[in-house]
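Here are some comments for a colleague who is about to work with these coordinates. Please read them with the structure open alongside.

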Amino acid sequence: MKKKLLCVLLALSMLFVLAACNGGGAPEPADDGTDTEANTPGNSAEPATPDDSATPATPDDSAAPEDGQAELSGETTPEPDTTHAPTPTNNTTPAPVEDAFKLGGTGPLTGGAAIYGNAAKNGAQIAVDEINASDSAVKFELRYEDDAHDAEKAVNAYNSLKDWGMQISLGSVTSKPAEATSAESFADSIFSLTPSASSPATIAGKDNVFQMCFTDPNQGTASAEYIGTQNLGSRIAVIWKSDDVYSKGIRDTFLEEADAQGLQVVSDTTFSDGNATDFSVQLNDAKNNEADLVFLPMYYEPASLILAQASAMGYAPKWFGVDGMDGILTMQGFDASLAEGVMLLTPFNADSTDEKTAAFVAEYEKRFGEKPNQFAADAYDCVYAYCQALTAANATSDMDAATINGLMKEQFTTMTFYGLTGTESGLTWDASGAVSKSPKGMVITNGAYVGMD
Amino acid sequence: MRKSSSAPFHFLTYFLVIGAYAALQVLQARGELSATMRGMLVPICAYVVMAVSLNLTVGVLGELSLGHAGFMSVGAFLGTSTAIALQDAVPVPGVRLAIALVVAALCAAVAGFLIGIPVLRLNGDYLAIVTLAFGEIIKAIFNNLYLGVDAKGVHVSLLEDTTNTAADGRLIIQGPMGIGGIQKISTFTAGFILILISLIVIFNLVGSRAGRAIMAIRDNPIAAQSVGVNLIKYKMMAFVVSAALAGSAGALFAMNYSTVVANKFDFNTSILILVFVVLGGLGNMFGSIVAAAVLTILPEALRPIAEYRMLLYAVLLIVMMLTANHPLVKAIFNRFRQTGQIQLETDDEEKEAA
């Protein structure tokens, strides 16, 4: 008897956990009859299709996940409230704004790449707050979920955003998770504009996934071109991360273009995840081959170690990084003087005198106590690009994701957007989802980026 | 820990798996399953298979393996490559998935066999050390492997992409970029069937003559050898079966996402699976299944509390470990197990009387 009892108990507890997860995004598990009743009409509308988002969703469908929230707040949606209080800044779940588009994104908010995810989240939050406080007809409600720079967790995060009722997506912040989530949002017909996922595979073959950043190969070519035309060095060493998509993508196209520019690559060394702490072999190889410029297509963490170790061994070539280097100055425990003279390509210059940029930088510094990097700027631009496109398409927040998807595809391929990143002539997108944007050369002087041109 | 007279426990395990599957299918059909939960069904199946297969090595054979994710990786990459290569030849997704899972299991079994040859001859912790290295080696290999398929056949190269895959072909494994553009053909039902197959294989192996020999080796290798048990043969049997199941779990996992990279199957993943096994109880398949499912869902269920979730996850893990080892809880479990055994014995007696 006891055996059976325990068996039933275990099964029950497991089901309970499943149920708890089921309601993960909802504010409160339904323990009274009312919520279930509210849910049934929405669900019984399409009993035959278990995946309710793969098919163009009916209004019923998209409303279903919101039921719980509406009930909690006491009143249902129809009456638009005109008092839009600015939402609290550091809150992950900002107070809901009436008639707002639900904008979701995933990014590494914890772990090794957290600086990118948090920057993108903060940048997007500033844009959302500014738009909600303005008289714009389009309002947003933003939610970012943590994916810890992992494809599996990114899909989980994306699904929990879907449960929340996401209508438009900011994709994922980093490349590999973005590849996984963009496939999902293509299958679900949820329009996606990623601030910083730069691998070509993110947008390949998906007509509703767009990028705000230039692609990896583009960066490699631009870097080699820049070094060649500006005569920055003739003997080049490349240190890259062999198990990283981003690093590999840039390095491959860099080598191609370096050949075309007549640059001599004298040292080509790698490291990987497990051995990213000691770079003496790579640096000695570069030094022994008399490289006068070292190209570092990698994120800022290993780059900071390379700079420190090179300085310790008395090797002082010119350093050239890419946009992943952005963030090195705000890294904790890093002596910023080591980065003095490092050149990097980035689409955004926080020291720009441009009015919009200055206002954004001031606001970001006020709220988060540090200078924004390009990830923040890209995410900020994404939200404003959405605002412009939604306004132009006369979209309303009661449309479902699939309808907005159609409108956005049309808008993004035809509109020109003027943002913090990119050039004076504005940004345009082609049908593949790639953006027309050229990187800016920056050099670190006195602990700040200064434009090289 | 001896499970020789635990037939009712086997029944319980099957009951749990089939019951959970049926319940989830009903919920899914009624549309009451959230997108988060729907998205996690296949990974949970894969992790459950990983956990029960590792339990065969750690719990039943008594050897510590720290590179189980390596076998998962072999299965994920080679199984997925097979599925992609057969995309035109085998149009039915279910059949293609089945072929891919079988290929993945075979490849992982070969890898397990090769590692087992030198290592299983040794005593002590050598298997732990070598499997740890194996996991890292597999990661390094797949991070540098290029595999292309075109009309002329299969091309393979290491370090640099020199496969010269024709334009009409496809470069499947792209070094550090892993495999991209995978068709999502893994389904919950396929995962459920894989769990059932794993359980049938493991329970039958453990209950068989070979299984007794394997457990005898675990409890006392010298005594086992003295009565004529071939140590290497039976150790190899358990280890290869465990590797093969892990390989098919890897393929199932990989084909649930549009992309897979070698870094996913690192040391952390191996340890995560070992945590499932240890928390569920060594040699206890039922516990492994519950632990794998709960610990996969837990981080997602804790999402609403954002930043604190990883902290709480760790705390819950420690609490669960302490609770499971508490004398009171242990006493309850032991009593429960004993009643099962006594009942079985009385059944036998009744049969004999009849």
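**Notes on the model**

1. The secondary structure of chain B amounts to 13 helices and three strands, and this should be read with the reminder that the whole model is predicted. Of the 354 residues in chain B, 48% count as buried, and among its contacts between residues at least 6 apart in sequence, 75% join residues at least 24 apart.

2. The largest nonpolar core has 218 residues, and those with the most contacts inside it include Tyr380(A) and Val383(A) as well as Cys45(B), Val48(B) and Ala51(B). Helix 2 of chain B, covering residues 35–61, supplies the largest share of this core, with 18 residues, while at least three residues come from each of domain 1 (87–214 + 352–438) and domain 2 (217–346) of chain A.

3. Leu252(B) is another of the residues with the most contacts inside that core. Leaving aside neighbours within four places in sequence, Leu252(B) is in contact with Val42(B), Cys45(B), Ala46(B), Leu101(B), Ser186(B), Ala190(B), Gly191(B) and Leu194(B).

4. Where pLDDT is low, predicted coordinates should not be read in detail.

Conventions:
Residues are numbered from 1 along each chain as its sequence is written. Chains are lettered from A and ligands numbered from 1 in the order in which they are written. This is a predicted model: local features need pLDDT of at least 70, side-chain atom pairs count only at pLDDT 80 or more; totals for chains, interfaces and linings use all residues. A nonpolar core is a set of buried Ala, Val, Leu, Ile, Met, Phe, Trp, Tyr and Cys residues joined through C-beta atoms within 7 Å. A residue is buried if 20 or more other C-beta atoms lie within 10 Å of its own, exposed if 12 or fewer, and partly exposed in between; C-beta atoms are placed from the backbone. Helices (H or I, at least four residues) and strands (E, at least two) are DSSP runs, numbered from the N terminus. Domain bounds come from an automatic or database domain assignment. Two residues are in contact if their C-beta atoms, placed from the backbone, lie within 7 Å.
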